[in-house]
Amino acid sequence: MSVHPTTPDFSAAESAAMDAALAAAALGPRGANPLVGAVIIAPDGSPLVTGYHRGAGTPHAEADAIEQAKLAGFDLTGTTMVVTLEPCNHVGRTGPCARAIIDAGIANVVYAVDDPHDPAAGGAATLRAAGVTVRSGLAEETSLELNRRWFDAVAAQRPFVTLHIAQTLDSRIAAADGTSQWISSPESLRDNHALRGRIDAILVGTQTVLVDNPRLTARTPDGRNADKQPLRAVMGLRGIPEDAAVHGDDGKVLHLPTREPAEALEQLFDAGVRHLMVEGGSRILSAFLSAGLVDELILYLAPTLLGSGTAALEDLGIGTLADAQHWDWDEATGGSVQRLGRDLRLHLRPRTGNAARETATPSSSESTPRHAAVTAPGGN
């Protein structure tokens with residue numbers, strides 16, 4: 001049964017299709033682009049295909065659904081597309097979804113929320129100008145909540161921030177002597193490197209560079225550098241030593257001479273970064289959390305106890321339980337809890353109403369294009 005009651009503006013079939021589109025959207029990865037799902041239904045209301053966006057550079061949800069329909073031999077003339085976000089009007093690594101919908105002969109489009117991102121917005125107007133019937137607002141609140149932090153990042157003109165921590169059961173990221181390799185399991189390290197392969201930049205503090213001398217590269221399971229590498233950003237007032245491994249051999253390193261997370265994000269956004277992973281150390285992690293600038297938390301929990309050593313976090317400025325930050329389990333992008341070898345991978349997002357400073361969610365809402373952390377202790 002649909003979780004969205006039928007209204008005079010939307011049929012039971014459209015409401016059911018929106019439920020399916022929202023569920024499909026959650027299969028995609030969070031980051032520089034919103035989670036988007038699309039369902040095409042026949043004139044009699046029966047569902048034909050479901051599509052979703054699988055990450056930057058891949059077909060948008062609408063194009064994915066249309067391609068599936070073509071492969072199945074469906075005639076889309078007169079059909080309805082139900083999608084969780086206004087179809088884009090943007091030409092980037094993929095073509096505009098509005099044009100693809102028109103060319104496919106789809107007669108009706110129902111979407112949840114407007115696209116707030118200027119380069120991609122305007123798809124609804126393009127569709128209407130071509131004679132497509134367009135309605136919006138179905139499951140608006142649910143769709144807004146699905147991508148709430150992405151909407152916040154777009155409104156603030158800052159990167160979407162993933163914060164990554166790899167720690168022991170007692171929340172240590174290094175032993176008392178400073179050793180941290182290898183807290184995480186090999187499976188966790190592979191997962192982290194896969195994430196590095198799809199972000200725009202990875203951020204650590206100068207202290208981490210001086211102590212751990214990380215490479216901050218994305219590597220394949222066999223240890224080779226992946227084809228796509230993130231920008232390596234170092235935040236802090238001290239400069240980067242000339243012989244630091246973070247320099248690499250491709251010049252993709254950026255020094256951010258600030259201790260303020262908001263300033264760092266502004267500089268990274270100006271450099272074209274739309275998805276940032278914050279990797280550490282403790283001071284940097286705590287600064288971003290205290291500022292309310294973490295959109296997604298990925299925590300690798302190793303079944304290990306140290307009893308002493310470097311704590312994952314420093315003081316967050318919370319003096320009473322009433323001011324605690326609360327996080328919700330995030331079922332998107334692989335689910336909230338996964339077993340990776342001996343480790344647990346926990347995936348969370350900040351709860352609405354946290355005391356941390358949050359930007360307001362816009363009332364209407366993709367990235368450039370629509371679809372467009374901490375060095376893992378023991379995995380740099």
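Predicted model: local features only at pLDDT ≥ 70, side-chain atom pairs only at ≥ 80, totals over all residues.
Colleague: What makes Arg30 and Asp330 a salt bridge?

Modeller: Their closest N and O atoms are 2.6 Å apart. The cut-off is 4 Å, between a side-chain nitrogen of Lys or Arg and a carboxyl oxygen of Asp or Glu. The pair therefore counts as a salt bridge.

Colleague: Why do you say that this pair ties parts of the chain together?

Modeller: Arg30 sits in the loop between helix H1 (12-25) and strand S1 (37-41). Asp330 sits in the loop between strand S14 (327-329) and strand S15 (337-340). The parts are 300 residues apart in sequence, so the pair ties them together.

Colleague: What makes Arg196 and Glu279 a salt bridge?

Modeller: Their closest N and O atoms are 3.5 Å apart, and the limit is 4 Å. Arg196 and Glu279 are both buried.

Colleague: How do you know whether Asp250 and Arg232 are buried, exposed or partly exposed?

Modeller: Asp250 has a relative accessible area of 36%. Buried ends at 20% and exposed begins over 50%, so a value in between is called partly exposed. That is the case for Asp250. Arg232 has 1%, so Arg232 counts as buried. These two residues also form a salt bridge, with the closest N and O atoms 2.6 Å apart.

Colleague: How many disulfides does the structure hold?

Modeller: The search of the whole structure finds 0.

Colleague: Why are S2 and S5 called edge strands?

Modeller: The open sheet has 5 strands in the order S2-S1-S3-S4-S5, with mixed pairing. Strand S2 (47-52) and strand S5 (133-136) each have a single partner strand, so one side of each has no neighbour in the sheet. S5 pairs with strand S4 (residues 108-113) in the parallel sense, over 4 bridges. Tyr111 stands opposite Ser136 in S5.

Colleague: What makes helix H6 mostly covered?

Modeller: In H6 (residues 148-156), 7 of the 9 residues are buried. Among them are Trp150 and Phe151. The buried residues pack against several elements, including strand S3 (80-85) and helix H5 (140-146).

Definitions and conventions. Residues numbered from 1 in each chain as written. Heavy atoms only, no water. Disulfide = S-S within 2.5 Å. Pairing = 2+ DSSP bridges. Helix = DSSP H or I, 4+ residues; strand = E, 2+ residues; numbered from the N terminus. Buried < 20%, exposed > 50% of the residue type's maximum accessible area, 1.4 Å probe, protein only. Contact = heavy atoms within 4.5 Å.
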